Amino acid sequence: MVRMMVAVLLCGVAAAQGVAVYSTKVGPLEGEDLAAPCQYELSLPQRDAAVGAVFVIFGGGREVVDFYNDPDLFRFATDEHLALLLARHCGGTTGELNTDPSKGAARALTAALDQLAQQSRHGELQTVKLMLFGFDDSGALAARFPIAAPDRTLGVIAYAAPLRGLDLTPAAAHIPQLIIANAADAVNPPTGALDYFQRHFAKGAPWAFAIQNGVAQDGGLANTKPLQFAWMQSILDALPGPAAAIALASAERRGYWLYLRMEGSAVGDARTEKAGSRSPGEYTPAGWVPDKKAANEWRDFVKKSKHPVDSKYP
């Protein structure tokens, strides 16, 4: 039986704004690779306002949960009319997360949103588009989610994720992605993420790629917030309407091209150029963003020689 929890968060911005929180579980169906029911928590920063999109955060580790509860994220969600959904996906039958969304994760997520729509009396949750974030293996799940639900996915942020060899369908690749790798990540080195990005970007995918210098796999998520928020806002602003499909073919793009000059696995320098400008020599293409704010945040992020291991998310 689905249990509903409605509460007010007791700290920071959430308490001041009276955030409504709901939870639900979705069990596996026969043939799905889910070992047990998956848990979902929905936060509505503005309980009485219509939801324009849902920011889905896959994973349940401490760093990810701290990100989900971050007051800065709640402020951003309030400004952009987003709901926040923490998807604590259970492991597959082998004990590991199955990163193929067609094996149960996509169906369970949409079923959870249907249940949460009824609980919260926000029927729009059944149809609004999703912005997806994932860290490590959950990042690979987020990256592959557009294959299973291209019409429902607004964008993807894959952070420190194992992406080497992953191939998306053309329809899935036309959905914007922001791929963030950590230069000192020994588990998922940035070369795999860069290969994934380059193969799809060369075919016209409206993606962006960033490297965080001086950070291993853990401890750097908090540093990525300004980049994530600027990128998401740029994608949301590029939409002609909250339910519209995004059309960002290469020939139609305005905005800024991104370029990196690599020094091994780290970034030595970065440049941004207006769309239509000639590519600078000795730089590696790193994608595209729709506006100057996102371009500047990207440049500031990748040019920083060493990011701190943020003590807020130990």
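Here is a friendly conversation about a predicted model of a protein chain.

Colleague: Before we start, which pLDDT do local features need in this predicted model?

Modeller: Residues are numbered from 1 along each chain as its sequence is written, and side-chain values use heavy atoms, with hydrogens and water left out. In this predicted model, totals for chains, interfaces and linings use all residues, side-chain atom pairs count only at pLDDT 80 or more, and local features need pLDDT of at least 70.

Colleague: How many helices and strands does the protein chain have?

Modeller: Helices (H or I, at least four residues) and strands (E, at least two) are DSSP runs, numbered from the N terminus. On that basis the secondary structure of the protein chain comes to nine helices and 11 strands.

Colleague: What share of the 314 residues is buried?

Modeller: Buried means under 20% relative accessible area, exposed over 50%, and partly exposed in between (1.4 Å probe, protein chains only). Of the 314 residues in the protein chain, the buried share is 55%.

Colleague: Among contacts between residues at least 6 apart in sequence, what percentage join residues at least 24 apart?

Modeller: Contact means heavy atoms within 4.5 Å. Among contacts in the protein chain between residues at least 6 apart in sequence, the part that joins residues at least 24 apart is 70%.

Colleague: Are H8 and H9 roughly parallel or roughly antiparallel to each other?

Modeller: Two packed helices are described by the angle between their axes and the distance between the axes. Axes are lines fitted to C-alpha atoms, for helices over the stretch in contact, and angles run from 0 to 180 degrees between N-to-C directions. Helix H8 (residues 225-238) and helix H9 (residues 292-303) have axes 8 Å apart, at an angle of about 155°. Angles under 35 degrees count as roughly parallel, over 145 as roughly antiparallel, 65 to 115 as roughly perpendicular and the rest as oblique, so H8 and H9 are roughly antiparallel.

Colleague: How many nonpolar, polar and charged residues are in the contact of H8 with H9?

Modeller: The contact is made by Pro-226, Leu-227, Ala-230, Trp-231, Gln-233 and Ser-234 of H8 and Lys-293, Ala-294, Glu-297, Trp-298 and Phe-301 of H9. Ala, Val, Leu, Ile, Met, Phe, Trp, Tyr, Cys and Pro count as nonpolar, Asp, Glu, Lys and Arg as charged, and the others, Gly among them, as polar. By class, that gives seven nonpolar, two polar and two charged residues.

Colleague: Which residue caps the N-terminal end of H3?

Modeller: Helix H3 covers residues 71-80, and its buried residues include Leu-73, Phe-74 and Phe-76. H3 is followed by His-81, whose phi is positive, near 60°. At the N-terminal end, a side-chain oxygen lies 2.7 Å from the backbone nitrogen of Asp-72, and the capping residue is Asp-70.

Colleague: How is H3 placed relative to H8, and which H8 residues make the contact?

Modeller: The axes of H3 and H8 come within 11 Å and cross at roughly 10°. That makes H3 roughly parallel to H8. From H3 the contact uses Asp-72, Leu-73, Phe-76 and Glu-80, and from H8 Lys-225, Phe-229, Met-232, Gln-233 and Leu-236.

Colleague: Which side chain is joined to that of Tyr-159 by a polar contact of 3.2 Å?

Modeller: Tyr-159 is found in strand E6 (residues 153-159) and is buried, with a relative accessible area of 0%. A polar contact is a pair of N or O atoms within 3.5 Å; within protein, one must be able to donate a hydrogen and the other to accept it, and residues adjacent in sequence count only if both atoms are side-chain atoms. The partner side chain of Tyr-159 at 3.2 Å is that of Gln-212.

Colleague: Is Glu-282 buried or exposed?

Modeller: Glu-282 is found in the loop between strand E10 (266-274) and strand E11 (284-289). Its phi is positive, about 65°, although Glu-282 is not a glycine. With a relative accessible area of 75%, Glu-282 is exposed.
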